[in-house]
Amino acid sequence: TFHDAIAFSPNLTAQGQFGGGGADGSIAIFESIETNFHASLGLDEIVNEQRPIVARHNISTADFIMFAAAVGVANCPGAPQLDVFLGRADATQPSPDGLVPEPFDSADKILARMADAGFDPIETVWLLSSHTIAAADLVDPTIPGTPFDSTPELFDTQFFIETQLVGTLFPGTAGNQGEVMSPLAGEMRLQSDFELARDSRTACEWQSFVNNQPKIIGRFHDAFHDLSLLGQNIDDLIDCSDV
């Protein structure tokens, strides 16, 4: 979902280049191109799981990606009900490479990319709430599926707590690009999460999520709403959130 929608750059558009279509399904429609971008390696597995479902139903690929995300998140205990809008047109060309932040990017580079897409540093932290139920396959390919906190089955605030703890070990091998030491065995810490948890522009907001379940529910709901509408005109869509 994030890798599809965040490929939206008004800066590139202002320079006369194609800046991506945002939440337009391009990552699945042009899978052979976009899932070979370094930031999206491994996502072809998810695309291939979703493709037969899209083919069986009268829904655009762009809409299904967002619908599937909303349903998937809602299945996690503690998660919010997310807004679902339908009516997006599917992409007609792939997004440019380089628009999805990487775990080895600096805080400056990540925040600049997010600002280009319309998210300020505070809203970027809100979006990163998704890492409470996320995992990495290829940062350390010896331990695929390693989560970013100790309770990956729960939509809770442990991610914001544990990213602030002192790192003592690597869950698998050392020396992987985009990974720093984790505080707990079986848990991976991304370099980007480590930096944003400590950066002066994001640290206070990061800390405000600790043991604050109502906040993570409310702020992720808002951030997902905005992410799902990148490149779209809400007036052209139908609110199907009640589904």
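**Close-up 1. The buried residues of helix 6 in this predicted model**. Let's start with helix 6, where Thr-61, Ala-62, Asp-63, Phe-64, Ile-65, Met-66, Ala-69, Ala-70 and Val-73 are buried. These buried residues have several packing partners: helix 1 (2-5), helix 3, helix 5 (44-56), strand 1 (85-86) and helix 12 (213-228). Helix 6 itself runs over residues 61-74, 14 residues in total. From its first C-alpha to its last it reaches 20 Å, close to the 20 Å expected at 1.5 Å a residue.

**Close-up 2. The largest pocket and its lining**. Here you can look into a pocket with a volume of about 1800 Å³. Its lining is made up of 49 residues. Those nearest the centre of the pocket are His-3, Leu-43, His-131, Ala-134 and Ala-135. Which helix gives the largest share of the lining? It is helix 6, the helix of the opening view, with 5 residues.

Close-up 3. Is Ser-26 buried or exposed? With a relative accessibility of 1%, Ser-26 is buried, because that value falls under the 20% cut-off. The side chain of Ser-26 makes a polar contact of 2.6 Å with the side chain of Glu-34. Setting aside residues up to four places away in sequence, Ser-26 touches Asp-4, Glu-31, Glu-34, Ala-91, Gln-93, Pro-94 and Ser-95.

**Close-up 4. Four residues annotated as a binding site**. An unreviewed UniProt entry carries the annotation "binding site" for Thr-132, Asp-149, Thr-151 and Asp-156. They are spread over 25 residues of sequence, yet they cluster in space, with a largest C-alpha distance of 9.7 Å.

**Close-up 5. Thr-151 and Asp-156 in their loop**. Now for two of the annotated residues. Thr-151 sits in the loop between strand 3 (146-147) and helix 9 (158-162), and Asp-156 lies in the loop between strand 3 and helix 9 too. Thr-151 is buried, with a relative accessible area of 16%, and Asp-156 is buried at 13%. Not counting residues up to four places away in sequence, Thr-151 touches Thr-132, Asp-156 and Gln-158. With neighbours within four places likewise left aside, Asp-156 is in contact with Thr-132, Asp-149, Thr-151, Gln-213 and Ile-216.

Methods: Residues numbered from 1 in each chain as written. Predicted model: local features only at pLDDT ≥ 70, side-chain atom pairs only at ≥ 80, totals over all residues. Heavy atoms only, no water. UniProt positions renumbered as here; feature names shortened; annotations may be inferred. Helix = DSSP H or I, 4+ residues; strand = E, 2+ residues; numbered from the N terminus. Buried < 20%, exposed > 50% of the residue type's maximum accessible area, 1.4 Å probe, protein only. Contact = heavy atoms within 4.5 Å. Polar contact = N/O pair within 3.5 Å; in protein donor to acceptor, adjacent residues only side chain to side chain. Expected span 1.5 Å × (residues − 1). 1 Å grid on protein atoms, 1.4 Å probe; cavity = no way out; pocket = protein on both sides within 12 Å on 5 of 7 lines; lining within 4 Å. Points joined across faces, edges and corners; volume = space filled by probe spheres on them.
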